[in-house]
Amino acid sequence: ERGAEVAGQCRALLAARVEVVVPESRSTLVSFRPGGDPTALVALLAERGVHVREIPGSGLVRVSCGWWTSADDLDRLAGALP
């Protein structure tokens with residue numbers, strides 16, 4: 001339940017900055033289309049301490065949220081986006 005709630009917060013936060021491509025649901029995975037190269041973005045975010053994954057061949061980046069994901073984690077993700 002908490003993971004789905006955090007994923008909803010993540011979707012809302014990202015929607016102001018990038019195209020979120022998964023429908024709102026109770027999933028804890030949030031996928032988005034970055035404005036540039038997803039591989040480069042994943043590497044950049046990793047350098048900034050934010051761990052996400054590219055979905056190969058899709059042009060998408062995936063964020064995995066869970067009960068352990070804090071508001072600080074989400075703020076760090078948003079702040080690390082170019």
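**Close-up views of a predicted model**

Figure 1. V6 counts as buried because its relative accessibility is 1%, where buried stands for under 20% relative accessible area, exposed for over 50% and partly exposed for values in between (1.4 Å probe, protein chains only). The model is predicted: local features need pLDDT of at least 70 and side-chain atom pairs count only at pLDDT 80 or more, whereas totals for chains, interfaces and linings use all residues. Residues are numbered from 1 along each chain as its sequence is written, and side-chain values use heavy atoms, with hydrogens and water left out. V6 belongs to helix α1; helices (H or I, at least four residues) and strands (E, at least two) are DSSP runs numbered from the N terminus. Apart from neighbours within four places in sequence, V6 makes contact with C65, G66, T69 and L74, contact being heavy atoms within 4.5 Å. Between V6 and W67, 61 residues apart in sequence, the C-alpha to C-alpha distance is 7.4 Å.

**Figure 2. The buried residues of helix α2.** Helix α2 comprises residues 38-47, and P38, L41, V42 and L45 are buried in it. These residues lie on the same side of α2 because they cover an arc of only 100° around the axis, the arc being that of the directions from the helix axis to the C-beta atoms. An α-helix has 3.6 residues a turn, so residues three or four places apart point the same way. The cover over the buried residues of α2 includes β2 (29-33), β3 (53-55), β4 (60-64) and α3 (71-80). After α2 comes G49, with a positive phi near 80°.

**Figure 3. The buried residues of helix α3.** L74, L77, A78 and A80 are the buried residues in α3. Their cover includes α1 (2-15), α2 and β4. L74 is also among the contacts of V6.

**Figure 4. S64 in strand β4.** Strand β4 contains S64, which counts as partly exposed because its relative accessibility is 41%. When neighbours within four places in sequence are set aside, the contacts of S64 are T28, L29 and T69. S27 is 37 residues from S64 in sequence, and their C-alpha atoms are 9.3 Å apart in space.

**Figure 5. A16 in the loop between α1 and β1.** The loop that holds A16 runs between α1 and β1 (19-20). A16 is exposed, its relative accessible area being 71%. Its C-alpha atom is separated by 23 Å from that of E47, 31 residues away along the chain.

**Figure 6. The whole protein, as context for the close-up views.** Three helices and four strands make up the elements of the protein, in the order α-β-β-α-β-β-α from the N terminus. The radius of gyration is 12 Å, close to the 12 Å given by the globule rule for 82 residues, so the protein is as compact as a globular protein of that length; this radius is taken over C-alpha atoms, and the rule is 2.2 Å times the number of residues to the power 0.38. The C-alpha trace spans about 30 × 25 × 20 Å along its principal axes. Of the 82 residues, 35% count as buried. Among contacts between residues at least 6 apart in sequence, 57% join residues at least 24 apart.
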